[in-house]
Amino acid sequence: MVASWVYVLLSIIYGLPSIFLYIFSYFVIINYRKSFDSSFFNLYIFDGLFNLFTYFNGFVFIRLNSVTCDTCFLSSFYKNTTGNILKFIVAMTWHMAYVQYGTTVLISANRLSVLLKYNVLEPVWRKYTWILIVFVYFLPFLDTHRYFTHDADMVYSDETEGYTGTSSLPIDDSFYYLLPFMIISTICSVILNVISLLFVKSVKLQKKTKVESNFLIIMTITCTAQLFGMILSVSRVILAGTKIAVRLAQILPFVSDGLTLVQPWLLVVFCHSLREKMKMILGIRKSNLQAVSSQVLQARSVTS
């Protein structure tokens, strides 16, 4: 129980700043659309929405439920989470893994194609990105629809003093298609990023393309996190039934959170224009607050 509380607190500590940064970056990108008119930022917004959904789904139904006792305030919420709603939640736990890995491949392909033929392919990406995103989200239902045909239960454990959402679909069947997809998509992402890196090193880039190459650094780091997550997932399946597998099952949610929440931090570090816009907005807000404060103080001094 103590360990579960530690996991929840850690998730909150790194989750809240990341959520704020996601929202703030969205605000900047949308309000300064002309400055961020790139297919990468379109993909970033869609990817971020997927990531936020994944984080909240995991936090509420993997972390928070594990520290909710049978008499706690939220116990009624978990007791009443049943039927198709619970089936959807359980399905999304696996479904979003497909979406995250597929989106990484998509963004890696975007980086390579835009670097190779920016003037030709960048407009195409901007126009049709939404279609590809819809495809990436809905295609995994070819596998995850199975969770809607199996029973799902919210089980309370007296030993752990927490709730767990379960499905009658065996765990081995859950990984049957997902694991090969994770391996293949990770290999594709690595290959695409390696080719992109080799291309960047071999040519003299124009200023516009240099900016695009900075986005490649973001994707390379994201791909590395994805590779690490894939290795842990494969190891967990191979070592099923052992103490190591139990430990890996505890580590994997943090790796998932890393892949989910690292994007806005990387964007702030490697995207100079976004960072400057954020500083400008924060500076304006600070100046406005100082002006309001001074006016309030002046009004008080006059009335007194």
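Trainee: What are we looking at, experiment or prediction?

Mentor: A predicted model. Keep that in mind throughout.

Trainee: How many helices and strands are there in the protein?

Mentor: There are 10 helices and 2 strands.

Trainee: In what order do the elements run from the N terminus?

Mentor: The order is α-α-α-α-α-α-β-β-α-α-α-α.

Trainee: What share of the residues is buried?

Mentor: Buried residues are 42% of the 304 in the protein.

Trainee: And what share of the contacts links residues 24 or more positions apart?

Mentor: Such pairs make up 78% of the contacts with a separation of 6 or more.

Trainee: Switching to annotation. Where does UniProt put the transmembrane regions?

Mentor: The UniProt entry is unreviewed.

Trainee: Now packing. How many residues are in the largest nonpolar core?

Mentor: It has 41 residues. I29, F41, L267 and L274 have the most contacts inside it.

Trainee: Which helices supply at least two residues each?

Mentor: α1 (2–31), α2, α4 (83–116), α5 (118–138), α8 (207–238), α9 (243–270) and α10 (272–303) do. The largest share, 9 residues, comes from α2.

Trainee: What does I29 touch, beyond its sequence neighbours?

Mentor: Leaving out neighbours within four places, I29 contacts F36, F41, Y44, I45, L267 and L274. F41, L267 and L274 are also on the list of residues with the most contacts in the core.

Trainee: What about a second core?

Mentor: A separate core of 22 residues includes V90, Y101, Y147 and L179.

Trainee: Next, voids. How many cavities of 30 Å³ or more?

Mentor: The count is 1. The largest cavity holds about 50 Å³ of space.

Trainee: Which residues line it?

Mentor: The lining is D47, N51, Q100, T103, T104, I107, T222, L259 and Q263. α2, α4 and α9 each give two or more of the lining residues. α4 gives the most, with 4.

Trainee: How does the lining divide into nonpolar, polar and charged?

Mentor: It has 2 nonpolar, 6 polar and 1 charged.

Trainee: Let's zoom in on Q100. Where is it, and is it buried or exposed?

Mentor: Q100 is in helix α4. Its relative accessible area is 7%, so it is buried.

Trainee: What is Q100 in contact with?

Mentor: Leaving out neighbours within four places, the contacts are N51, T54, Q226, S256, L259 and T260. N51 and L259 line the cavity, as does Q100 itself. Q100 and T260 are 160 residues apart in sequence, yet 8.1 Å apart in space, C-alpha to C-alpha.

Trainee: T54 turns up in that list. Where is T54?

Mentor: T54 is in helix α2. It counts as buried because its relative accessibility is 13%, and the cut-off for buried is under 20%.

Trainee: Which residues does T54 contact?

Mentor: M96, Q100, S256 and T260, leaving aside neighbours within four places in sequence. S256 and T260 also contact Q100. T54 and V99 are 45 residues apart in sequence and 9.8 Å apart in space, C-alpha to C-alpha.

Trainee: What about a loop residue, say N65?

Mentor: N65 sits in the loop between α2 (39–63) and α3 (75–79). At 2% relative accessibility, N65 is buried. Leaving out neighbours within four places, its contacts are V60, Y78, G162, Y163, T164 and G165.

Trainee: Last one, S273. Which helix, and why does it count as partly exposed?

Mentor: S273 is in helix α10. It counts as partly exposed because its relative accessibility is 34%. S273 and F36 are 237 residues apart in sequence and 8.5 Å apart in space, C-alpha to C-alpha.

Methods: Residues numbered from 1 in each chain as written. Predicted model: local features only at pLDDT ≥ 70, side-chain atom pairs only at ≥ 80, totals over all residues. Heavy atoms only, no water. Buried < 20%, exposed > 50% of the residue type's maximum accessible area, 1.4 Å probe, protein only. Contact = heavy atoms within 4.5 Å. Core = buried A, V, L, I, M, F, W, Y, C linked by side-chain atoms within 4.5 Å. 1 Å grid on protein atoms, 1.4 Å probe; cavity = no way out; pocket = protein on both sides within 12 Å on 5 of 7 lines; lining within 4 Å. Points joined across faces, edges and corners; volume = space filled by probe spheres on them. Nonpolar A, V, L, I, M, F, W, Y, C, P; charged D, E, K, R; others polar. UniProt positions renumbered as here; feature names shortened; annotations may be inferred.
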